[in-house]
Amino acid sequence: MRVTTAFNKILGLSGASVLSVAFTPDGIVVGLRRRCRRLVCPCGFSTRGTYDRSRRRWRHLDLGASRLYLEAEIRRLSCKRCGRVRTEEVPWARPGARHTRDFEDVVAWLAQRP
Ligand SMILES: [Zn+2]
């Protein structure tokens, strides 16, 4: 089994597939490719027009003793509803977050324990 296939199965992310896996001194960096071509603004507006693009890394849940990061291209769109340039929404993280939803949910759950 290819390592990208294995990570696709392990992570089970919706809306993205694993393109690359790199073992770095910081941890495992999983490169993602989005399945959806359309850009979705956090307000719900969607478009095909890209304003610009960059790469972002999100801390995900650790895998064994290794830190795990997701990395993907993230685009900005000129939102007609918001009237300004905004960063698109991704399925695995909240807008503006540098941690994944799963990571934040576990932190929140741990914080509620006595
Ligand atoms: Zn918007």
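A: Six nonpolar, one polar and four charged residues make up the lining of the largest cavity. By name, the residues around the largest cavity are Arg56, Trp58, Ile74, Glu88, Glu89, Val90, Ala93, Arg94, Pro95, Gly96 and Ala97. The volume of the largest cavity comes to about 50 Å³, and a search of the whole structure turns up one cavity of 30 Å³ or more. Please keep in mind that this is a predicted model.

Glu88 sits in the loop between strand E7 (84-87) and helix H2 (101-111). With a relative accessibility of 4%, Glu88 is buried, because buried means under 20%. Leaving aside residues up to four places away in sequence, Glu88 is in contact with Arg34, Arg38, Leu39, Val40, Glu73, Ile74, Arg75, Arg76 and Leu77. Leu11, on the other hand, is 77 residues from Glu88 in sequence, and their C-alpha atoms are 22 Å apart in space.

Glu88 also takes us to the open side of your request. The largest pocket is lined by Leu19, Leu32, Arg33, Arg34, Cys36, Arg37, Arg53, Arg55, Ala72, Glu73, Arg75 and Glu88. Strand E2 (27-34), strand E5 (52-63) and strand E6 each give two or more residues to this lining. The largest pocket holds about 150 Å³ of space. Sorted by class, its lining has eight charged residues, four nonpolar and no polar ones.

Now for the metal. The zinc ion is coordinated by the SG atoms of Cys41, Cys43, Cys79 and Cys82, at 2.2 to 2.4 Å. The angles among the four donor atoms run from 103 to 118°, and the site is tetrahedral. Along the sequence, the spacing of the donor residues reads C-x1-C-x35-C-x2-C. Cys43 belongs to the loop between strand E3 (39-40) and strand E4 (46-47), while Cys79 belongs to strand E6 (residues 66-79), so this pair ties together parts that are 36 residues apart in sequence.

Note on methods:
Residues numbered from 1 in each chain as written. Predicted model: local features only at pLDDT ≥ 70, side-chain atom pairs only at ≥ 80, totals over all residues. Heavy atoms only, no water. Donors = N, O, S within 2.8 Å, 3.2 Å for Na, K, Ca; no water. Tetrahedral: all angles 85-135°; square planar, octahedral: opposite > 155°, others 65-115°. Helix = DSSP H or I, 4+ residues; strand = E, 2+ residues; numbered from the N terminus. 1 Å grid on protein atoms, 1.4 Å probe; cavity = no way out; pocket = protein on both sides within 12 Å on 5 of 7 lines; lining within 4 Å. Points joined across faces, edges and corners; volume = space filled by probe spheres on them. Nonpolar A, V, L, I, M, F, W, Y, C, P; charged D, E, K, R; others polar. Buried < 20%, exposed > 50% of the residue type's maximum accessible area, 1.4 Å probe, protein only. Contact = heavy atoms within 4.5 Å.
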